[in-house]
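Please keep the sequence and the coordinates at hand while reading.

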Amino acid sequence: MFDRPPTRVMIHNPESTEGLRNRTTITVVVPPDAGNALGAIVLRQLPNLDQWDWGRLEPRVYLGDYSLRGKGTSGLASADVSESEEVLTIQLNPAVQPGQTVNVVFRGFNPQSSIYQWSTELMADGEDPVRYLGPTLRLNVYEQDPYR
């Protein structure tokens with residue numbers, strides 16, 4: 001359980017044109033007075049015609065502020081995409097301690113132009129964790145410009 005759950009959750013995608021390779025990064029700030037480590041993050045895509053492409057590679061993780069070129073290290077998180085492709089569960093190993101900021105980097109391709117949104121859930125480390133609802137995340141993907 002958290003004494004004070006993380007509420008600062010952000011999603012970054014430096015490339016916002018459809019069909020192009022992306023580096024989608026999920027950033028979570030675990031408050032210093034959280035009272036427990038962050039064990040998992042769950043993103044549930046809100047209804048859309050197209051599913052987000054999280055890529056096939058293991059996510060990479062780095063601590064600290066978000067960086068456009070942040071590469072991260074493999075093996076610190078595992079990602080599981082549900083059969084419907086609507087739910088992404090990120091298991092952090094080791095869990096992220098209070099006072100730290102974690103960035104989870106995925107490499108995939110942008111889907112069709114649209115606005116993509118996800119609800120977020122944050123889970124404290126430990127057995128049978130309580131689920132805390134986080135903010136709704138949003139990304140815009142734009143059409144290819146035929147005149148470029």
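Glu-121 is buried, because its relative accessibility is 12% and buried means under 20% relative accessible area, exposed over 50%, and partly exposed in between (1.4 Å probe, protein chains only). The structure is a predicted model, in which local features need pLDDT of at least 70 and side-chain atom pairs count only at pLDDT 80 or more, while totals for chains, interfaces and linings use all residues. Residues are numbered from 1 along each chain as its sequence is written, and side-chain values use heavy atoms, with hydrogens and water left out.

Glu-121 and Arg-131 meet through their side chains in a salt bridge, with 2.4 Å from N to O. A salt bridge is here a side-chain nitrogen of Lys or Arg within 4 Å of a carboxyl oxygen of Asp or Glu. This pair links distant parts of the chain, with Arg-131 in strand E9 (residues 131-133) and Glu-121 in strand E8, ten residues apart. Strands (E, at least two residues) and helices (H or I, at least four) are DSSP runs, numbered from the N terminus.

Glu-121 also forms a salt bridge with Arg-44, where the closest N and O atoms are 3.2 Å apart. Here, too, distant parts of the chain are linked: Arg-44 belongs to strand E3 and Glu-121 to strand E8 (residues 114-124), 77 residues apart. Arg-44 counts as partly exposed, at 34% relative accessibility.

How many salt bridges does a search of the whole structure find? The search finds three. One of them joins Arg-4 to Asp-33, with the closest N and O atoms 2.8 Å apart. Arg-4 lies in the segment before strand E1 (8-12), and Asp-33 in the loop between strand E2 (21-29) and strand E3 (38-45), so that the pair links distant parts of the chain, 29 residues apart. Arg-4 is partly exposed, with a relative accessible area of 42%, and Asp-33 is partly exposed at 42% relative accessibility.

The protein chain as a whole has zero helices and ten strands. Its radius of gyration, taken over C-alpha atoms, is 15 Å, close to the 15 Å given by the globule rule (2.2 Å times the number of residues to the power 0.38) for 148 residues, so the chain is as compact as a globular protein of that length. Its C-alpha atoms fill a box of roughly 55 × 30 × 25 Å along the principal axes. Buried residues account for 41% of the 148 residues.

The backbone also deserves attention. Most residues other than glycine have a negative phi, and most peptide bonds are trans. The peptide bond from Asn-93 to Pro-94 is cis, with omega near 10°, and Pro-94 lies in strand E6 (residues 87-96). Glu-85, although not a glycine, has a positive phi of about 65°; Glu-85 is placed in the loop between E5 and E6. Asp-128 likewise is not a glycine and has a positive phi of about 45°. Asp-128 is found in the loop between E8 and E9 and is exposed, with a relative accessible area of 75%.
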